[in-house]
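Hi,

Here is the structure I promised to pass on.

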Amino acid sequence: MIAHKSPISGIATFQNQYVATAGYDNVLILWDGKNGRSLGRGCHDHLVNQCTFSPDGKLLASSSSDYTARIWSVPDMKLQCILSGHTDDVEGLSFHPTKNWIATSSRDASIRIYDLNGQHIRTLEGHEDDVISVEWMKGRDILVSSSDDGTVKYWDAITGKILKDLSFNDVETDTVAIAAEGTIFAGNDEGEIVVIREDHEPVMVPAHEAGIKRLVYSDAVNKLISLSYDRTFKIWLFDGEKISLDSDHQFNNMVWPRSCAFLNEQEVVFGTFGIRYAQYDIEKCAWVNGEIEPTYGINAVCEVEGNVYTIGDAGFVFRNGEKIAEMGSLCNFIIEFEGHVITGGQTGEVFDARTGDVYYQHNSPLNCATNFQHNGRPALAVGTYTGEGIVFTLDAQGQVVHQENVSLHDNAIKGISASKKYIFSVCATGAAAFHDVDTFACNNYISDGHWKIANGCVNFGEDAFASISRDLHLRVWNSEEANVIATSHRNSIKSIASDDSGRYLALGDYTGFVSMYDKEQGDFIRHMRISDFGISSICYSKSGNKFIASCYDGKPYDIVINQN
C-alpha cells in the first residue's frame with residue numbers, strides 16, 4: 001500500500017469518491033473514498049502543503065514548498081503541468097468554478113492565476129505578507145484571499161484590481177471559506193470566525209481558545225467546520241445570516257488540526273501525523289477508520305550524559321536508538337533539565353520523557369524550550385503556539401513543578417534561548433524579544449526582527465544570540481540589534497545550534513542541507529546535504545565535540561566540527 005512517511009498537511013475530497021492527501025514527505029496520494037485504499041501518488045521536490053480537486057473531479061492540484069503548484073489527472077495521477085513563477089512556498093489553491101483557471105497563493109505575498117495548461121494569466125499583488133488562503137466566489141470572476149498581514153481582500157480576476165480590502169487590526173488570518181450565496185467565513189489567530197456578508201458589517205464570532213488553522217464549508221448541509229490548535233474542531237450551522245454552534249469535538253492525538261474536508265454529509269476526513277488520513281462520523285461522534293500507524297520522523301534531539309535522546313511524530317522517545325517511552329502524540333522538543341529529560345508538542349502536555357508522566361497541560365501546542373537561572377535557581381521555559389513561556393522550577397525534593405506562565409509574544413514562539421541576563425525568543429511573526437531572566441520584564445522587542453517567519457535561536461556567547469528564519473539569513477544579536485548575514489541556504493532554515501565555546505554555529509534547513517558558521521573567521525566554512533528530508537533540530541554533543549542533527553527521515557546524523 002502507498003502511504004505517507006511524514007505528516008499529512010493538506011486534504012481534499014471529491015463526492016465521496018476520492019480523498020487526496022498532501023504530505024511533508026513531498027508526496028501527494030490519491031485514495032479511494034469508499035474503501036480507503038491508495039490509488040496512486042505524485043511527487044514534489046519539497047513539502048506538499050495543500051491539495052484540491054477540480055469541480056468535475058478529473059484534475060487534482062497540489063501546492064508545495066518547492067515554489068510550484070502541480071496539476072495531475074485523476075485517477076491515473078499523471079502530471080499535466082507545473083505552475084511556476086512564485087518565489088516562495090505555494091500554499092492556497094482554488095479551481096475556478098466554471099472556467100479553466102486555477103489560482104494559487106504564496107508566501108511571496110502574491111496570487112497568481114493560470115490556465116489548466118500551466119500558462120500564467122495574471123499576478124495579483126497588494127498583500128504585504130504571506131498569502132495563505134485563496135478561494136473563488138461561486139459563479140463569479142472574483143477571488144477572496146486571506147493573509148498574515150491581517151487583511152481579507154476581494155480581487156477582480158479580469159483586471160487584477162482590489163475590489164474590497166478588509167483589515168482586522170493586523171490579526172493574522174490563515175483561512176477563508178465561501179458559501180454558495182456569497183457569505184465569506186474567515187478564521188484568525190485569535191480564535192475568531194469572521195462572518196462577512198455583502199452590505200453588512202463583519203461579525204466576529206468567538207470560537208476557539210487558540211488560532212483557527214482551517215475553515216471548511218459544505219453547501220450540501222449548510223455547515224461550517226473550524227479547526228484550531230486548541231485541539232478541538234467545531235461544527236457550525238449557517239442559516240444564511242449567522243452561524244450557531246452545532247457540536248464541539250475533541251481531536252485524537254494522531255490528528256493534525258491543519259486540514260479537513262467533508263467526505264459526505266455525515267463523515268469528515270482529517271490530515272494526521274500518521275501514514276494515512278483519519279475519518280470521523282459527526283453524527284455518531286466517533287473515529288471510524290481504526291488505529292493509524294504513526295510516521296517516524298524525528299523532530300528533536302538532545303544529549304544527556306553522553307546518551308542521545310530523540311523524539312518525533314510518533315511521540316516515541318529513543319535513547320541511543322532504543323525506544324524507552326511513548327508520549328502518545330507528536331512532540332517538538334526534547335531537553336535536559338537538572339537531571340530530568342523534558343518533552344512536549346501538539347497536545348500541549350509537558351512530559352517527563354523517560355516515563356511519560358505529565359507535568360503540565362497547556363491549551364495550545366508547544367514548540368521549544370530553554371534552561372536558565374531565575375533569581376539564582378534553575379528554571380526551564382517552554383515556548384507555546386499562543387505566545388506564552390511556561391516556566392518550571394524544582395521543588396525541595398528536586399521534582400519539576402510549574403511556576404507560572406509569562407506572555408512573551410502575541411503569536412507562536414518558534415525558538416527560545418537564554419543567557420545569564422536574558423531570555424531571548426523569536427516568533428512566527430518574525431519578531432524577536434529580550435526578557436529579563438529574573439523579572440520577565442521585556443527589555444527590548446523588535447517586531448521586525450526577521451523579514452519572514454523566524455524558526456529558531458540559540459545563545460551564542462555571553463549575552464549574544466543567533467537566530468534563523470525563512471528569510472534565509474543568519475542573525476547574530478546583542479541586546480539592541482542584529483548583524484544580518486546571508487547564507488547559502490535556498491529553502492527555509494529550520495534549526496540552529498552553537499558549540500560550547502561559542503565559536504561555531506550549525507544551521508539546518510528543510511531540504512536536508514547543513515551549514516557551519518565560524519565566528520572567528522566571520523564566515524561559513526561548510527555547506528553540505530546530509531539527507532533528502534528536512535533537518536528538524538540540531539544539538540551540540542559535549543562528549544563528542546560535534547553537532548548532532550535530527551532529521552524527518554527518522555535518523556540522527558553526526559556533524560564533525562573540525563573536518564580536514
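This is a predicted model: local features need pLDDT of at least 70, side-chain atom pairs count only at pLDDT 80 or more; totals for chains, interfaces and linings use all residues.

Let me start with Arg107, which counts as buried at 15% relative accessibility (buried is under 20% relative accessible area, exposed over 50%, partly exposed in between, with a 1.4 Å probe and protein chains only). Asp130 is buried too, with a relative accessible area of 4%. Their side chains meet in a salt bridge, 2.6 Å from N to O (that is, a side-chain nitrogen of Lys or Arg within 4 Å of a carboxyl oxygen of Asp or Glu). Arg107 sits in the loop between β10 (101–106) and β11 (110–115) and Asp130 in the loop between β12 (120–125) and β13 (131–136), so the pair ties together parts 23 residues apart in sequence.

Residues are numbered from 1 along each chain as its sequence is written, and side-chain values use heavy atoms, with hydrogens and water left out. Strands are DSSP runs of E, at least two residues, numbered from the N terminus.

Searching the whole structure gives 19 salt bridges. One of them pairs Lys452 with Asp88, with the closest N and O atoms 2.2 Å apart. Lys452 is in the loop between β44 (442–446) and β45 (454–459), and Asp88 in the loop between β8 (79–83) and β9 (90–95), so this pair ties together parts that are 364 residues apart in sequence. Asp88 is buried at 2% relative accessibility, whereas Lys452 is partly exposed at 25%.

Another salt bridge joins Asp558 and Lys546 (2.8 Å, N to O). Here Asp558 belongs to strand β55 (residues 556–560) and Lys546 to strand β54 (residues 546–551), twelve residues apart. Both are partly exposed: Asp558 at 49%, Lys546 at 22%. There is also a network, in which salt bridges with shared partners join Asp88, Asp89, Lys452 and Arg470.

Now the nonpolar side. The largest nonpolar core has 26 residues, and among those with the most contacts inside it are Ile225, Phe233 and Cys260 (a core is a set of buried Ala, Val, Leu, Ile, Met, Phe, Trp, Tyr and Cys residues joined through side-chain atoms within 4.5 Å). β25 (255–262) is one of the strands that each supply at least two residues, and β25 gives the most, with four.

Cheers
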